[in-house]
Amino acid sequence: MEYKDKIGFIGLGNMGKPMAKNLEKAGVNLFVYNRTAEKMQDFAENSMICHDIVTLIRSSDIIFTMLTNDDAVHAVYETILSMNIAGKLFVDMSTISQEASNAISEITKSKGAGFIDAPVAGSTQPAKDGTLIFMVGGSEEDEKKVLPYLEIMGKEVKYMGENGQGVNAKLCINYYLSILYQGMAETVLFAEKLGISRENMMSIINESASGSGASKVKTKSIIKDEYPAAFSIDLMLKDVKLAIEAGAKFPLTASILETYQGAKDAGFSDSDVMSIIPFIKGKDK
């Protein structure tokens, strides 16, 4: 397939880099920018490296942003919104607050540009495999324009409705994951108390109705008791707090907040979300 749009991609972190790489592999006319310049070097041969945001915006028709949090998104869009961006289309795939997303959307549209919120379900491996799920909020016309590119990076694109609804769907799925991960952590530790190995317990979980893609992808890490970050404690805590700000107030809400905040405070910020296992285990001694 021939892709006619010039595509900009801002944010080449653990998620953004493999997503941008999939666009590059598909033959997209790609322009990339990252605050840390060395992360752009892998794109030097087949894409255009931009050393500032202004150059990337001027060079691109559709611009994807994949950033860490509200502050990072505001910082990037502050530069973007100071420019003449009429006719361009922006797709923010970051997990940020509804307030931040809606504010940026309104200003972007007032300047004659389009804006879509399209956060993803999936972590680093699905990002590499191109099997992410996109939850899109924005106009249907804009969604159709970016659909070919989202389909390169993901296996499914769910149109959720108006701006902000993609972000809302993302907060819901990550709220669920925060509960699921805590449930797995507690189950594994309970099994160990009863003399059941992690390997056996995770096998039972994965082969039964309790299993899921989330449990299977975390199994190796849980068994080895090693937690390199695919999705960090810091990011999960951020999403739990965003969910609470958006109105999550349920029987398990206080428990998950206490767990992920406790893990962060105990020094697990940059470890994978499943490092709540050693955190809970240490707390239980």
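**Legends to the close-up views**

**View A. Asp-225 is partly exposed, with a relative accessible area of 38%.** Burial is classed here by relative accessible area, with buried meaning under 20%, exposed over 50% and partly exposed in between, using a 1.4 Å probe and protein chains only. The model is predicted, so that local features need pLDDT of at least 70 and side-chain atom pairs count only at pLDDT 80 or more, whereas totals for chains, interfaces and linings use all residues. Residues are numbered from 1 along each chain as its sequence is written, and side-chain values use heavy atoms, with hydrogens and water left out. Asp-225 sits in the loop between α9 (213-224) and α10 (233-245), where helices (H or I, at least four residues) and strands (E, at least two) are DSSP runs numbered from the N terminus. Although Asp-225 is not a glycine, its phi is positive, at about 60°. Most residues other than glycine have a negative phi.

**View B. Helix α7 (residues 165-193) packs against helix α8 (residues 198-207) at an angle of about 130°.** The two axes, which are lines fitted to C-alpha atoms over the stretch in contact, with angles running from 0 to 180 degrees between N-to-C directions, lie 9 Å apart. α7 and α8 are therefore oblique to each other, given that angles under 35 degrees count as roughly parallel, over 145 as roughly antiparallel, 65 to 115 as roughly perpendicular and the rest as oblique. The crossing of α7 and α8 is right-handed, meaning that the near helix is turned clockwise from the far one by less than a right angle. On the α7 side, Met-184, Thr-187, Val-188, Leu-189, Ala-191 and Glu-192 are in contact with Arg-198, Met-201, Met-202 and Ile-205 of α8, contact being heavy atoms within 4.5 Å. Seven nonpolar, one polar and two charged residues make up this contact; Ala, Val, Leu, Ile, Met, Phe, Trp, Tyr, Cys and Pro count as nonpolar, Asp, Glu, Lys and Arg as charged, and the others, Gly among them, as polar.

**View C. The axes of α7 and α9 come within 12 Å and cross at roughly 45°.** That angle makes α7 oblique to α9, and the crossing of α7 and α9 is right-handed. Leu-177, Leu-180, Tyr-181, Met-184 and Val-188 in α7 meet Ala-214, Ser-215, Lys-218 and Ile-222 in α9. By class, this contact of α7 with α9 comprises seven nonpolar, one polar and one charged residues.

**View D. Five aromatic pairs are present in the structure.** Rings of Phe, Tyr and Trp (its six-membered ring) are paired if their centres lie within 6.5 Å, with planes under 30 degrees apart counted as stacked, over 60 as edge-to-face and the rest as tilted. Tyr-3 and Tyr-149 form a tilted pair, 5.5 Å centre to centre with 45° between the planes. Tyr-3 lies in the segment before β1 (6-10) and Tyr-149 in helix α6 (residues 140-153), so this pair ties together parts that are 146 residues apart in sequence. Both Tyr-3 and Tyr-149 are buried. Ring pairs also link Tyr-77, Phe-90 and Phe-115 into a cluster.

**View E. Arg-58 is exposed, with a relative accessible area of 66%.** Arg-58 belongs to helix α2 (residues 53-59) and, leaving aside its neighbours within four places in sequence, is in contact with Met-83 and Lys-88. Arg-58 and Ala-100, 42 residues apart in sequence, are 24 Å apart in space, C-alpha to C-alpha.

**View F. Glu-245, in helix α10, is exposed, with a relative accessible area of 63%.**
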